[in-house]
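Let's walk through this one together, starting with how one chain is put together and then moving on to where it meets its partner. Have a look at the picture first.

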Amino acid sequence: MRDWQRRWRGWKRNRQVVLGAWIVIGIVLALLPFVTGATLGRGWVRIIDFALLYVMLALGLNIVVGYAGLLDLGYIAFYAVGAYVYALLASPHFGLHWPVWMALPLGATVAAVFGVLLGSPTLRLRGDYLAIVTLGFGEIIRIFLNNLNAPFNLTNGPQGINLIDPIRIVDLGFSETYTVFGISFPPTHNYYYLFLTLTLAIIFISIRLQDSRIGRAWVAIREDEIAAAATGINTRNVKLLAFAMGATFGGVSGGLFAGFQGFISPESFNLFESIIVLCMVVLGGMGNIAGVILGAVLLTTFPEALRYLGELQYMVFGQVFVDAADLRMLVFGMALVLIMIFRPAGILPSMRRRRELGADAPVAAQEQASLYDAQR
Amino acid sequence: MSRATSSNKQSLLSVRDLRVAYGGVVAVKGIDLEVGRGELVCLIGANGAGKTTTLKALAGMLRPAGGTIRYDGHAITRRRSYELVSLGIALVPEGRGIFGRLSVLENLKLGAYVRRDTLGVSQDLDRGFELFPRLAERRSQIAGTLSGGEQQMLAIARALMSRPRLLLLDEPSMGLAPIMVQRIFGTIRRIAAEGVTLLLVEQNARLALEISRRGYVMESGRVTLADEAAALLANPDVKRAYLGG
């Protein structure tokens, strides 16, 4: 074991250090929109808001893919369902203006029902076959949203739904600017705190699920379905629960997205979105909550940061050789490839995932070390 | 007839005319089986005779095409495996079926999945480690890195974690070195001595009959012989077909 690793382990065991670290993280998270707004500009606070929405999405997909091992390529459909339910219940489209505490949970519930609808016909499928069916499911939802404007105008078709009510809890409208003790809270900041609260709730639920009976059942199913059934796990219900839980998180995130953005259309829910969320999970470290969060934050902020490539070229070379818009996706794609080459199990792999990939030799040593630690 | 009814009362498992089919292919063509309480019974036969299929049907992993299965006096014919585990029927699947990427301890804890009594589970965990000291040494090792024999021990120990009254063992000797087979069979005998009822499916007919009280011989989906194990060991037909002369 290298020196810094030993020191890291020592720190992790020290209560005060851990507590201090949490306090620092708390302060950083609390001040983040103000610091970002002052340095990078208000636009970046909005990007952070989106990053939080993607963290929720990625954690939802992590339950399905990371915990239960069910490869889902149509996950964005649940985001779409959540967003549309909220939009239909709180916009001039039907003249309904339900409060958020009714529209959002209903959106999440409907998404969960769709999760079960997707899950039940695919119970016997695994791997590639499941991926193909889920991919089709995602597209079906998008195409339905695109075409359900006739004979009865349910979704307003490709034009999407406009003027969606901003999120408002009792008298607190998140799309207004407040001034408290001389500090100004613009909408992006208000939404940041709302999204942060819900993200923390979802992180908490994810952690609890991981160490629960149901979490162990998911892992067992991922490992060996027949053996899981032999140990008395109701594989059907447990799988459906994974789909439903994942879909619920997606639905919550979708409803928030609709209220935040004020406008949604089927275009926001295409296959690319499903794939990018899957990338967040896989790149960050499938099954590891911290990894998935990191993946989601990186994959939302990094492409935005690459927009500065033009300015960077100008500063270094005095002129722009390649338009940033062209270069951006190239660099982004290369970064993804490089991560997969150098960190095949993700940036922060879960212990289990590291074992799966045969991993680097240190794992055996780590196992020994942790056993040694336990005995001491 | 009266003898049959009286044996019915004592039976823990009673199978009548069980038929199991894969699609159109009938693998088990109507068999009768009795396993008394605390009895160790084996089911022997050649490859493809329908032994594993029978066991899977008993464990609720396959739906029977016909017949009845009674366990402890109740019909369980169409129950699913997860219900049967709670009722006290545990299967050690063929090829062991351990969770290869989980640790030994995690595997054992999953074995107790249906149980809610935390205290009892931790007691049984200790008992399992006592029964298989090798597993205790390797409790935090990844199960996939165990030797074949150790994996088989783990599979049995995991099944015991559900505190079964009826343990169904599918080919525990498969792919193991002779010394390991001896050790596994010694353990099976010990489990039986502790009062667990066992139904053992085995290709190694001699070993299975030696530790069993009674045995059934299966041939192409039918039970062709049923007798005391000692009688089967002495039976010239059985000797010729399954015991190598």
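In this predicted model, 72% of the contacts in chain A between residues at least 6 apart in sequence join residues at least 24 apart. As for what chain A is built from, you can find 16 helices and six strands in it. Buried residues account for 41% of its 376 residues.

Now for its overall dimensions. The C-alpha trace of chain A spans about 65 × 60 × 45 Å along its principal axes.

Next, the meeting place of the two chains: 19 residues of chain A are in contact with 23 residues of chain B.

| Element of chain A | Residues |
|---|---|
| α8 | 213-223 |
| α9 | 225-230 |
| α15 | 351-356 |
| α16 | 362-375 |

Which element gives the most to this side? That's α8(A), with five residues.

Over in chain B, check out strands β1 (residues 11-22) and β2 (residues 25-36), which pair in the antiparallel sense over nine bridges. Together β1(B) and β2(B) make a hairpin with two residues between them. In that turn sits Gly23(B), with a positive phi of about 60 degrees.

Methods: Residues are numbered from 1 along each chain as its sequence is written. Chains are lettered from A and ligands numbered from 1 in the order in which they are written. This is a predicted model: local features need pLDDT of at least 70, side-chain atom pairs count only at pLDDT 80 or more; totals for chains, interfaces and linings use all residues. Two residues are in contact if their C-beta atoms, placed from the backbone, lie within 7 Å. Helices (H or I, at least four residues) and strands (E, at least two) are DSSP runs, numbered from the N terminus. A residue is buried if 20 or more other C-beta atoms lie within 10 Å of its own, exposed if 12 or fewer, and partly exposed in between; C-beta atoms are placed from the backbone. Two strands pair if DSSP finds at least two bridges between them.
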